[in-house]
Amino acid sequence: MEHYIVKLDVGGTVYRTTKDTLRESEFLCNLVDGNWSENLSNQKEIFIDRDGFLFRYVLLYLRTGQLDVDKQYWKSLRNEAEFYIISNLATMVNTMIDEEQLKKPVFRLLTQEEFITYSNINVTGFRRGLCDRTAVGPGKEFITSIQCDVTSYNCPREIPVHKESRHCGRACNKAKGDNYVGYSSKETIMYLVSNTE
Ligand SMILES: [Zn+2]
């Protein structure tokens, strides 16, 4: 009976396939076995309360082992693969999602000092909108520079790792002079860089 036609109504969309095609899905095989009628003329559609559109891709995978599905459906398709218990399909979609994630650039806002360590570009003269998407190092691209006020904490002992008042201890507090200013603000150019590594 492996090659008899199985009719599945998935969320209102009817698909016809064979049990042999469904063999990789434990869920679908059990469902077909449980609903199988020897009298084929009376064989009803088996209703599955899942998304009918996505099942198209599930069935495409079961038939061909291939997947040709738009990015926007990947996460939903992974849920379907898990529901129908098709572990190879779930793994395949997960790999696609992971690889896509790695391709996504990570944007970082760098201070001038940080930017200089990344690049061998002379940074003087960079202004907003200039030098768009210039490579500044392996896998790193300079997007734009932003002029802004950056507020920073001043450790009374000028210890560089004391970036916030909570980093300072008693010795720092004792070292405060009469003219001590806790926070100061200065105009700074920040560099927006994308990291595609
Ligand atoms: Zn301190």
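What pLDDT does the protein chain average, and what percentage of the residues score at least 70? I found an average of 84, with 85% of the residues scoring at least 70; pLDDT is the predictor's confidence in each residue, from 0 to 100.

**Entry 1: the model.** I note that this is a predicted model, in which local features need pLDDT of at least 70, side-chain atom pairs count only at pLDDT 80 or more, and totals for chains, interfaces and linings use all residues. Residues are numbered from 1 along each chain as its sequence is written, and side-chain values use heavy atoms, with hydrogens and water left out. Helices (H or I, at least four residues) and strands (E, at least two) are DSSP runs, numbered from the N terminus. Where pLDDT is low, the predicted coordinates should not be read in detail.

**Entry 2: aromatic pairs.** I looked up rings of Phe, Tyr and Trp (its six-membered ring), which pair if their centres lie within 6.5 Å; planes under 30 degrees apart count as stacked, over 60 as edge-to-face and the rest as tilted. The count by this rule is ten aromatic pairs. F27 and Y84 are edge-to-face, because their ring centres are 5.8 Å apart and their planes stand at 65°. This pair links distant parts of the chain, 57 residues apart: F27 is in helix α1 (residues 26–35) and Y84 in the loop between α3 (74–83) and α4 (87–103). I then checked accessibility, where buried means under 20% relative accessible area, exposed over 50% and partly exposed in between (1.4 Å probe, protein chains only). Y84 is buried at 0%, whereas F27 is partly exposed at 23%.

Y57 and Y73 form a stacked pair, with 6.4 Å from centre to centre and 25° between the planes. Y57 lies in helix α2 and Y73 in the loop between α2 and α3, so this pair ties together parts 16 residues apart in sequence. Y57 is buried, at 10% relative accessibility; Y73 is partly exposed, at 24%.

**Entry 3: cluster and charges.** I recorded one aromatic cluster formed by Y15, F27, F55, F83 and Y84. Next I looked for charges over rings (NZ of Lys or CZ of Arg within 6 Å of the ring centre and within 35 degrees of the ring normal). R50 lies over the face of F83, at 4.0 Å from the ring centre. The charged end of R56 sits over the ring of Y57, 5.4 Å from its centre.
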